[in-house]
Amino acid sequence: MKNIVVLISGEGSNLQAMIDACASGQISGKICAVISNNADAYGLVRAKKAGIPSFVFERKAYETHQAMDQAIAYQIDAIEADLIVLAGYMNILTPAFTQRFAGKILNIHPSLLPKYSGLDTYQRAMTDGETEHGMTIHFVNEIVDGGSIILQAKVPIFPEDEIEDVIARVQEQEHRYYPLVIAWFCADRLKEVDGKAYLDGKLLPPQGYGNEE
């Protein structure tokens with residue numbers, strides 16, 4: 001059984017989906033800790049309710065961003081984590097951190113990468129008149145939102161949509177597929193080799209395991 005650490009900054013809805021998936025046996029792993037860079041993150045409340053230890057590392061407590069990431073890395077090493085899952089962690093990891101845990105960090109991003117990396121993806125997609133949006137689950141490397149893609153799921157954008165409608169559709173896909181990808185990793189089905197994602201020993205295509213739902 002794999003030890004999982006989840007990094008959050010806010011609401012923690014994907015964290016809750018992972019907690020539920022571990023409880024149901026979908027994920028053959030244990031969330032050993034939740035780490036946040038925001039002491040007020042509601043995800044910390046979710047962790048407490050589930051009996052999961054949590055740790056807060058706020059930027060103001062450290063001289064540099066790198067010093068903060070190093071402190072987080074020491075904590076992750078102490079927990080002996082097999083997998084680091086970013087779930088709405090709103091802090092760019094330093095190259096030293098991503099290299100230290102290469103092949104062991106997953107992230108979820110609310111767009112169909114490589115489109116709309118960075119912030120405000122929903123508003124940018126709607127402003128550009130896109131007819132679809134979605135989410136991408138990928139390994140993490142030194143390039144922001146640039147790691148090898150594991151899985152994507154698309155959702156439609158209708159002309160009458162408000163931004164909240166699109167967010168709700170994308171989050172539904174996130175909550176469905178992030179636990180699935182974590183389960184693949186915990187079952188040793190998913191690996192990153194030389195910066196590329198493999199599922200069941202087969203190289204995934206550039207856009208990952210796509211899903212049209």
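How much space lies in the largest pocket? In this predicted model, the figure comes to about 890 Å³. That pocket is a handy place to start looking around. Its lining is made up of 33 residues, and those nearest the centre are G88, Y89, M90, I108 and P110. Sorted by class, the lining counts 15 polar residues, 13 nonpolar ones and five charged ones.

Several elements of secondary structure take part in this lining. At least two residues each come from α1 (13-24), β5, α5 (121-127) and α6 (163-186). Strand β5 gives the most, with three residues.

According to UniProt, in an unreviewed entry, N107 carries the feature "binding site". Is N107 buried or exposed? With a relative accessible area of 12%, N107 falls under the 20% cut-off and therefore counts as buried. As for its surroundings, once neighbours within four places in sequence are set aside, N107 is in contact with L86, T136, I137, H138, V140, D145 and Y178.

Some of those contacts lead over to another strand. T136, I137 and H138, which are among the contacts of N107, fall in the range of strand β6, residues 132-139. Strand β6 in turn pairs with β7 in the antiparallel sense, and seven bridges join the two. Strand β7 itself runs over residues 149-156 and is mostly covered, six of its eight residues being buried.

Three strands, in the order β8-β9-β10, form an open sheet, and their pairing is antiparallel. The edges are taken by β8 (190-193) and β10 (202-203); each has a single partner strand, so one side of each is left without a neighbour in the sheet. Strands of a sheet are held in pairs through backbone hydrogen bonds, in either a parallel or an antiparallel arrangement. Here, β9 (residues 196-199) and β10 pair over two bridges in the antiparallel sense. What is the bridge partner of L199 in β10? That partner is K202.

How values were computed: Residues are numbered from 1 along each chain as its sequence is written. This is a predicted model: local features need pLDDT of at least 70, side-chain atom pairs count only at pLDDT 80 or more; totals for chains, interfaces and linings use all residues. Side-chain values use heavy atoms; hydrogens and water are left out. UniProt positions are given in the numbering used here, feature names are shortened, and annotations may be inferred rather than shown by experiment. Buried means under 20% relative accessible area, exposed over 50%, partly exposed in between (1.4 Å probe, protein chains only). Contact means heavy atoms within 4.5 Å. On a 1 Å grid over the protein atoms alone, a cavity is a set of points where a 1.4 Å probe fits but cannot get out, and a pocket is an open set with protein on both sides within 12 Å along at least five of seven lines; lining residues have an atom within 4 Å of a point. Grid points are joined across faces, edges and corners, and a volume is the space filled by probe spheres set on the points. Helices (H or I, at least four residues) and strands (E, at least two) are DSSP runs, numbered from the N terminus. Ala, Val, Leu, Ile, Met, Phe, Trp, Tyr, Cys and Pro count as nonpolar, Asp, Glu, Lys and Arg as charged, and the others, Gly among them, as polar. Two strands pair if DSSP finds at least two bridges between them.
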